[in-house]
Each structure stands twice: as C-alpha cells, then as structure tokens.
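Subject: Model for you to look at

Hello,

Here is the structure I promised to send over. Please open it first, then read my notes below.

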Amino acid sequence: MTLPIRTRLLLWMTGGMATLLMVFAAVVYQVLSRSLLDGFDKVLLASARTISGSVELDGTTVKFDLDEHDAPEFYRSAKPDYFQVWLENGDNLARSPSLTTGGLERFAGLPDSPVFRPTRLPDGRAGRALGLRFTLKADEEGRSVMPPREVTLVVARETASLDSTIRLIRWLLAAATGATLVLSVVAATVVVRRGLRPLDALAARIGAVRQDDLSAQIPIKSLPSEMIPVARRLNDLLRRLDEAFRRERAFTADAAHELRTPLAGMRCTLELALSQPRAANDYREAITECLNVVRHMQGVVESLLALTRFESGQATLRPEALDVRELIEAAWHPLADKASSRGIALDTRLPASLTCTADRDAAQMIAAALLANAAEYTDNHGRIAICLLYTSP
C-alpha cells in the first residue's frame, strides 16, 4: 500500500532532521569530551613536570625532593593523586604518600610525547595516568664521569569529575536532540499541512466541476508555480472532454433531425397501407417506398458516423484528384427519382475539366448532404443550379 504524500513528506523530513541532529550532537559531544580530556591531560602533565623537577643527580646518587606545598594533591587524605618514580633498573626512587599499599603500573613515553592511558587507581577509583621517561645528567661543576641516569615517572589522578561532566554533556545533548526532534516533528507537520493546502484546494475545485458543465476552468493565478502545469493539463483535459461531449450532443441532435422526417414518412406510409385492405400492388408500392426510406436513412446514418470518425480523428483522409462533375452526378443519382417526381431539375454549370483534391468518401458525403438539403427545401418544379464563381485575388 502506497503511503499518502503527506505521510511520506513527514517521514522524509523527520528522518532527515533526526539524522542531522544526531550527527551534530555526536560532533559536539566528541569536541567537548576531547577538549575536557585535553584539559585533564594538561593538569597531569603539569603535575608530572613538577615531580620531574624534584628529581636530580648528585654525583652518583639520584635524589628526590618534593615539598608538600609544591604538590598538595599528593598529600591530601581524601581522594588524593598518585605518583611513582622508578630508576632504570626498576627500583623505586619515590612514591606519593597516598600510595600506602600497592603501586602504579609502570609505562613510559618520551618527554615531548608522554603516554596517557586510563587506569584503575590503588583505592579502586577510575583514573587516568601519564607515563614518561626522562634522563638525568651530572652537573658540570662536579665534573662527574658517571653516565646519565634514566628515570621513569607515572602520575595518576581520578577521573570521576571528568566522567561526570562528560556524562552530563552526553545526557544534555541527548535531551536537547530529543526535544529538538519533537519540536521538529511538530514544525514539519505544520509545514507539510500548510504546504499541501494548495493541493487540497485544487482537489476541491476539481470536485466542484459538474458533469453537465465541463466548460469550467480551474484558476491558476492563485496556485504555486509547481502546480500551475498540473492545473493547465487539467484545464486542457476538461476542454477536450467538453468538446467530446459537445460533439456527442451534436451527433445526437443531427441524427434525430435527419432521421425524424424519413421515419415519419415511413410510418405514414405503413399506417396508410394498413388502414384498409388493399391490392397486392398497393402493398408492393408501400413496401418499396419504405425500402427507399430505409436506404436513405442508412445513408444518413453512415454519413453521420463518418463525420464523427473524421471529427474524432479515427478516420484517415486520403486526398486525390477528383472530377467535380462526376462527383456531383454520383451524389445526385440517389436523389434524382424523387426530385424528378416533384419536377425539380439539377442544372450543373461546371467546366468539363474541373478537378479538386480531396478525400473521395468525405467529398461524396458533403456533396450528397448539400444536394439532399437543396432537394428537400426547393419548391416543386424548381431548379438547383451549380456553377463556378471566380473571385479576384
């Protein structure tokens, strides 16, 4: 089952807006979460630099000296941060006071590209850790011949606040996306409904066209430009239908007009023949007269049908050169006896070589109709003249 246009438009618009909103929310979420994570990593890096500045090489000994005032986050009792320093052989050089038991996972990156990774803190909290490896060199005054020493430092901090902020952003974006989508559906419904009003109005105007008056036209001035071609095609269709019905009514009227007189004559002949007993010859004459009327009616019907076919385009014209005198004589031949009985004569004043280019059947039908009307309405003992008139160009 095909969905209505209103429903399809609403589904397409809603689907498109939902896709755009979700893509926008996903991009905003990624940008904000990445920005928050970068800020968190910068804090870790600052703590790592503070701790690395507290490690120095004194002769053959690596010393660590960190004051509580320089890094109080490692000394607080509630939710402290953690750090751990290892020498190159894996021995512990220093640990944060918060590392009462256990230790941190040892990993490292270069000083200019430290490694960050999520971790589980010793007290079970979710956290994030930074690992880097840096080199200690003997000071130049001591002129020590000791080789440089490598030290690994890992700093860890809880991410509860960061995770809470990211979750809040995620829920806010989801809620904003959902609310915007609901409002978008409402707005799309209103827009689609208002946008399809001209189509509803056009349907109402089409429904108002009466079957007995197809000449009514649909006004196109008030329609949107997209619907004007549709209205024009509908007007053309109504015009063609009106013309077809007019031709049908004209055909009916012509048939009634042409057949009424011969039917009346045939009825009178039959009623007169049956009004009293008659001789066989009288009945034969009545039947012959009725047969002539039937032949005339058959010719009229064939002519009307031919005209209908020509008007509807069902018949194809085949033009050819025709002799006009022969055409007139052939059309007059069926009328000659009846016209002669009334004393009507046909006077043809046409050149012997006069020709015309036309379809033979159509020309024969037109000539027969003209001569039949002339014979019908010419007084007794009258004359029907056919001549050629020349007009100056």
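Helices (H or I, at least four residues) and strands (E, at least two) are DSSP runs, numbered from the N terminus.

This is a predicted model: local features need pLDDT of at least 70, side-chain atom pairs count only at pLDDT 80 or more, and totals for chains, interfaces and linings use all residues. Residues are numbered from 1 along each chain as its sequence is written, and side-chain values use heavy atoms, with hydrogens and water left out.

**Second largest pocket**

Its volume is about 220 Å³. The lining is Val324, Leu327, Ile328, Cys356, Ala358, Ala363, Ile366, Ala367, Leu370, Leu371 and Ile386. By class, that is eleven nonpolar residues, no polar and no charged. Here Ala, Val, Leu, Ile, Met, Phe, Trp, Tyr, Cys and Pro count as nonpolar, Asp, Glu, Lys and Arg as charged, and the others, Gly among them, as polar.

The pocket search ran on a 1 Å grid over the protein atoms alone: a pocket is an open set of points where a 1.4 Å probe fits, with protein on both sides within 12 Å along at least five of seven lines, and lining residues have an atom within 4 Å of a point. Grid points are joined across faces, edges and corners, and a volume is the space filled by probe spheres set on the points.

**Largest pocket**

The largest pocket has a volume of about 1700 Å³. It is lined by 46 residues, and the closest to its centre are His296, Gly299, Val300, Leu335 and Ala372. Four helices each supply at least two lining residues: α4 (228–274), α5 (280–312), α6 (324–341) and α7 (360–377). The largest share, 15 residues, comes from α5. The lining divides into 20 nonpolar, twelve polar and 14 charged residues.

**Confidence**

Mean pLDDT (the predictor's confidence in each residue, from 0 to 100) is 83 for the chain, and 94% of its residues reach 70 or more. Among the elements, α5 has the lowest mean, 76, and strand β5 (residues 115–120) the highest, 93. Where pLDDT is low, the predicted coordinates should not be read in detail.

**Overall shape**

The chain has seven helices and eleven strands. Its C-alpha trace spans about 160 × 50 × 40 Å along the principal axes. The radius of gyration is 55 Å, whereas a compact globule of 393 residues would have one near 21 Å. That radius is taken over C-alpha atoms, and the globule rule is 2.2 Å times the number of residues to the power 0.38.

Is Thr152 buried or exposed? Thr152 is buried, because its relative accessible area is 2% (buried means under 20%, exposed over 50%, partly exposed in between, with a 1.4 Å probe and protein chains only). Thr152 sits in strand β7 (residues 149–158). Beyond its neighbours within four places in sequence, its contacts (heavy atoms within 4.5 Å) include Trp86, Phe107 and Leu132.

Ala330 is in helix α6. It is partly exposed, at 38%. Ala330 and Gln364 are 34 residues apart in sequence and 7.8 Å apart in space, C-alpha to C-alpha.

Asn292 lies in helix α5. Asn292 is partly exposed too, at 42% relative accessibility.

Best wishes
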